[in-house]
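Please walk me through this protein.

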Amino acid sequence: MKIKLKRRPHTNMEQLTRYDVTKLDDIKCVNTFRHKIRHDFNNCDFNSMVSVDERWNKAKDIINKTSDAVIGKQKKSKKPWFNDTCRRALKRKKESRIQWLSDTDNVEKKITT
């Protein structure tokens, strides 16, 4: 007798936080990020921490908190191919359609209606 068992999903896996790194193309955002990271690391006393794990967790927390504050989390997109170029093209299409509909002297529109 053969029995198929269902695979259990891994529930103890920690999900990675994805940050919106496209904001780092802006020089002002990069400078703010650098300044905050540098400031937080200078204010942290790593010498008082005994273990490497404590130091690592503190450094990781500083980086994650600064990334959350300055960069922000990446928004999940159902259609990743629909980017700014598509949005601009759609906006131009809508504007052209509104202009075409508002034109009362258009010969083509009189023929089709």
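**Cysteines, core and surface**

The count of disulfides comes to zero. That applies to a predicted model. A pair of cysteine sulfur atoms would have to lie within 2.5 Å to be counted. Cys44 is buried, because its relative accessibility is 15%. Cys86 has a relative accessible area of 25%, so it is partly exposed. The cut-off for buried is under 20%.

The largest nonpolar core has six residues: Tyr19, Cys29, Phe33, Ile37, Val70 and Ile71. Helix 1 gives the most to this core, with three residues.

Leaving aside neighbours within four places in sequence, Tyr19 is in contact with Asn64, Ser67, Asp68, Ile71, Gly72, Lys73 and Gln74. Ile71 is also a member of the core.

Turn to Ser67 next. Ser67 sits in helix 2, residues 52-70. Its relative accessible area is 5%, so Ser67 is buried. Beyond its neighbours within four places in sequence, Ser67 is in contact with Tyr19, Phe33 and Gly72. Tyr19 and Phe33 both belong to the largest nonpolar core.

Last, the surface. Met1 lies in the segment before helix 1, which covers 27-43. Met1 counts as exposed because its relative accessibility is 96%. The cut-off for exposed is over 50%.

Technical notes:
Residues are numbered from 1 along each chain as its sequence is written. This is a predicted model: local features need pLDDT of at least 70, side-chain atom pairs count only at pLDDT 80 or more; totals for chains, interfaces and linings use all residues. Side-chain values use heavy atoms; hydrogens and water are left out. Helices (H or I, at least four residues) and strands (E, at least two) are DSSP runs, numbered from the N terminus. Buried means under 20% relative accessible area, exposed over 50%, partly exposed in between (1.4 Å probe, protein chains only). Contact means heavy atoms within 4.5 Å. A nonpolar core is a set of buried Ala, Val, Leu, Ile, Met, Phe, Trp, Tyr and Cys residues joined through side-chain atoms within 4.5 Å.
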